[in-house]
Amino acid sequence: MQSENRPIIEVRNVSKYFDDKTALDDVSLSIRKGEFVTILGPSGCGKTTLLRLIAGFQTASEGMILINGREMTRTPPHKRPVNTVFQKYALFPHLNVYDNIAFGLKLKKMPKAEIMRKVQAALKMVGMTDYEYRDVNSLSGGQQQRVAIARAIVNEPEVLLLDEPLAALDLKMRKDMQMELKEMHKRLGITFVYVTHDQEEALTLSDTIVVMSEGRIQQIGTPTDIYNEPVNSFVADFIGESNILNGTMVKDRLVSFCGRDFECVDEGFGENVPVDVVVRPEDLYIFPVSEKAKAQLRGVVQSCIFKGVHYEMAVLCDGYEFMVQDYHAFGAGMEVGLRVKPFDIHIMKKERVCNVFEGRMIDGTHVEFLGYEFECAPVNMEDSSKDWSHVTVEVDFDKIDLLDDAEDGMLTGEVKFILYKGNHYHLTVLSDWDENVFVDTDDVWDDGDRVGIAIRPEDIRVKVKAAESHE
Ligand code: ATP
């Protein structure tokens, strides 16, 4: 495969709205010719929408899409040099394998002999030679998906778009097909844009991974970049297993977490700055506490599970739970020491240190934000030089109470994302006002749980600016 450096696809500042729902928010992406790019993210993050905009099945609300340097934002799918393979095979059930693949070519009125040559070449490419005259209903899921891929590549597109094409297959078949897709990509030499929510699939297949969350691109990089240098705790959590903890960057090359200081290699964060600390489970060295090796952390094994090649242990150290992977088993109840190399401690800037909302004062003890009227501690509103209709409200993550029985009229929302931080959970809750609320809690919630959102008056900090600053 020759991958030239010029982009074949450019997505420039694209947003897509469905009524008042933002599916994509200012997305920019450049894809090189011949590249295998995977768009990866949890359900609902907008990855299918992005693929459909590239395919032409939907149109961007804002921004533009260029293919081969030509603007194609509004060009219909059949006029773009792309072809799409969907999760569901979408084969014509009344046609046999040959006719399914030949369908588009016949529409183009291509000579019979040429159609035959192309169909046979496409079948060979997907490892289905000799299946031409089989009824598609008699094929396994994997074989049907191969036919669907053959049908897409028979048109010789410059770009093959694949929307979770292996999602309906069982694990073994999925693994086999992953290898075949990779081979196919090499042989065809065309650009693949692949959508999946499966991080392992993305790491295995791609030249480049685009990690998305909530309609935004979080990180673009090679699989190793994304795995070794995640830019934020979302990416770290989503790609591979991670221990993610709150920490404080004490100064350059020194970070504190879990109640003690650790040498690290990061610089430039400033002094005493709150950060997220990420340590991969395979980067923690575990040993019996009696060994000479000096432990940085001491703890007790809570559980030990065999994972096929390695063991996975949960170790509780001073109230923080660490996941550790090792080829040796350390049984539950054992006292152990842990060490981590400075290089293996990943430090990430925190995206925020508390909730910040825009709001307005209603009266001296009521403030409106998140589309809801909250009671707050008394605020002296006598100073008329201040703009009380534009205030900023701060609430600490651990000062938001989530209730599973929302009372009538209460602000409600849905748990969208859960991050375990060793000794508590950090949740992203999408309020019904469509604004995120970030919550630290010891309680266990699930993705998709409906919750009531309550804040005590004394935990609401109101900040007001001078009136002029809004003019
Ligand atoms: P999944 O893996 O579950 O398909 P996804 O990451 O592909 O998720 P999208 O299908 O792109 O996500 O959807 C992104 C958001 O846009 C979701 O909140 C979805 O409900 C919304 N959405 C997508 N298509 C439409 C539509 N036609 N009308 C209204 N909302 C839509």
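This is a predicted model: local features need pLDDT of at least 70, side-chain atom pairs count only at pLDDT 80 or more; totals for chains, interfaces and linings use all residues.
# Notebook: ligand shell and sheets

I started with the make-up of the shell around the ligand: four residues are nonpolar, five polar and three charged.

**Who sits around the ligand.** I listed the shell residues next. They are F18, K21, A23, P42, S43, G44, C45, G46, K47, T48, T49 and E164. Which element gives the largest share of this shell? I found that α1 does, with three residues.

I went through the oxygen atoms of the ligand. For C45 the backbone is involved: one of its N or O atoms lies 3.0 Å from a ligand oxygen. For T48 I looked at the side chain, where an N or O atom is 2.5 Å from an oxygen atom of the ligand. T49 also uses its side chain, and I again read 2.5 Å between an N or O atom there and a ligand oxygen. Then I checked how covered the ligand is: taken alone it exposes 630 Å², and the protein buries 60% of that. Two elements give two or more residues to the shell, namely β2 (21-32) and α1 (47-55).

**The six-stranded sheet.** I traced the strand order as β6-β7-β8-β3-β9-β10, an open sheet with mixed pairing. Which strands stand at the edges? I see β6 (82-85) and β10 (216-221) there; each has a single partner strand, so one side of each has no neighbour in the sheet. On average, neighbouring strands here are turned by 20° against each other, direction ignored.

Inside this sheet I followed β3 (residues 36-40) and β9 (residues 208-213), which run parallel and are joined by four bridges. At one point along them, L40 stands opposite V211 in β9.

**Around β11.** I moved on to strand β11 (residues 243-251). Seven bridges join β11 to β14 (residues 273-279), and the two run antiparallel. β11 also pairs antiparallel with β12 (residues 254-257), through three bridges. How many residues lie between the strands in the hairpin of β11 and β12? I counted two, and R253 in this hairpin takes a positive phi near 65°.

**The five-stranded sheet.** My last stop was an open sheet ordered β15-β19-β16-β17-β18, with antiparallel pairing. I looked for its edges and found β15 (285-288) and β18 (320-326); with a single partner strand each, they have one side left without a neighbour in the sheet. Neighbouring strands in this sheet are turned by 40° against each other on average, direction ignored.

β16 (residues 297-306) and β19 (residues 335-339) run antiparallel, joined by four bridges. For G299 I looked up the bridge partner in β19, and I found V336.

Definitions and conventions. Residues are numbered from 1 along each chain as its sequence is written. Side-chain values use heavy atoms; hydrogens and water are left out. A residue is near a molecule or strand if one of its heavy atoms lies within 4 Å of it. A polar contact is a pair of N or O atoms within 3.5 Å; within protein, one must be able to donate a hydrogen and the other to accept it, and residues adjacent in sequence count only if both atoms are side-chain atoms. Accessible areas come from the Shrake-Rupley method with a 1.4 Å probe; for residues, only the protein chains shown count as cover. Ala, Val, Leu, Ile, Met, Phe, Trp, Tyr, Cys and Pro count as nonpolar, Asp, Glu, Lys and Arg as charged, and the others, Gly among them, as polar. Two strands pair if DSSP finds at least two bridges between them. Axes are lines fitted to C-alpha atoms, for helices over the stretch in contact, and angles run from 0 to 180 degrees between N-to-C directions.
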